[in-house]
Structure formats: C-alpha cells, structure tokens
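Please follow the open spaces of this model and the charged side chains around them, beginning with the elements that line a pocket.

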Amino acid sequence: LVSFSHYEEFMKIMNEFTGIEMEKLINVFASETGYQTPKVDVRGVVFRGDKILLVRETIDGNWSVPGGWADVGYTPKEIARKEVFEESGLIVEPVKLLAVMDKSRHNYPLDIFYIYKIFILCHEIGGSLKTSIETSDSGFFGLDELPPLSTPRITKEQIKLLFEYKNNPDKEAICD
C-alpha cells in the first residue's frame, strides 16, 4: 500500500516527466483498478506503390499510421480494418502481422500507460480517402517525403521498419 505522501510524490514525478496536467493524471490513475496490464495500440499499415498511408491526427496536427486502442470483442485484424476505415475512408483486408512492440523499448516520448503496439499489414480493396472526427487529412507518402509525425503514435524508425517489410515481404514479424 502506498502512503498519500508517496502518491503525491509519484504524481509530481509523472507530471514533470510527461508534462500532463496533474488533474488528468489523477483521473487516469483513479479509473484504473485491479491488476495493471498493458494497453494495446493496433495500427493498420497500407502501402500504395512505394508510399505508405498516413493520417493527420486532430489531437496534435501531426501524422501517423491509422490505428488506435484495441477494443474488447474485436481481434487485432478486425481493429486494424476498422481503424483504417474510420480514420482514412479506405477499405482494407488485413493480411500479415508485422510487429508487436513494447513502446517503452523504442524511441517514444514518455507515456502514462504501458503500451504494446501491434502493426498489421493491410491490402487496400476499396473506399476513398476522407477525414474523420479523429483525422483532418490522409494521404500516401514516400519514405523521403514524410510529414511531421505524431511521435506518441509512430516514430520515423518504425516507418523505416514498415518500409523494410514492404521491400522484403518474407521478413519475419518481430516481437519485443
């Protein structure tokens, strides 16, 4: 059991490291009960020729591979399909697991949650690019023409890795 003074100190440290307001930190931790497990972030990876699909996140104005938190009752492939459609308007068929990454072991800003990131290769089968409540733009970009990235969601190193999978389809999935 953590004493109140230790809790206050912990929250101050979390605030200093993450820059997240104290009230938000308190609300986040107050809502978590039971055994703590990682959150799961699923990303749908779509290529069109030599370009990767990115969406502009309304939350920070920067770009990411479409995706989001795993929803209970959906498989990772179903989540990838749903997130790509919701955030970009494209209809895709998930075809291959590319990576399961422990966010804390990669070049990300600190986060208040412990997160696993799942990247799933998807083939485009229909739809058209559109915006959504979560995205203000979408498009395909070459590795040498990437827009500013939403680094809490994706890093340039990870996009380079995704292009490695595109260029080497037999590359084995990685798992931290």
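In this predicted model, the lining of the largest pocket draws at least two residues from each of α2 (22-31), β1 (39-48), β4 (67-69), α3 (76-88) and β6 (115-127), where helices (H or I, at least four residues) and strands (E, at least two) are DSSP runs numbered from the N terminus. Strand β4 gives the most, with three residues. The lining comprises 26 residues, and those nearest the centre of the pocket are Ile59, Trp69, Asp111, Pro152 and Arg153. A pocket here is an open set of points on a 1 Å grid over the protein atoms alone, where a 1.4 Å probe fits and protein lies on both sides within 12 Å along at least five of seven lines, and lining residues have an atom within 4 Å of a point. The space in this pocket is about 750 Å³, a volume being the space filled by probe spheres set on the points. By class the lining has 10 nonpolar, four polar and 12 charged residues, with Ala, Val, Leu, Ile, Met, Phe, Trp, Tyr, Cys and Pro counted as nonpolar, Asp, Glu, Lys and Arg as charged, and the others, Gly among them, as polar.

The second largest pocket holds about 590 Å³ of space. Its lining has 22 residues, of which Asp111, Ile112, Phe113, Tyr114 and Ile115 lie nearest the centre, and helix α1 (residues 4-18) contributes the most, with four residues. This lining divides into 13 nonpolar, five polar and four charged residues.

Residues are numbered from 1 along each chain as its sequence is written. Because the model is predicted, local features need pLDDT of at least 70 and side-chain atom pairs count only at pLDDT 80 or more, whereas totals for chains, interfaces and linings use all residues, and side-chain values use heavy atoms, with hydrogens and water left out.

The structure holds 13 salt bridges, each a side-chain nitrogen of Lys or Arg within 4 Å of a carboxyl oxygen of Asp or Glu. Asp60 is partly exposed at 31% relative accessible area, whereas Arg153 counts as buried at 17% (buried is under 20%, exposed over 50%, partly exposed in between, with a 1.4 Å probe and protein chains only).
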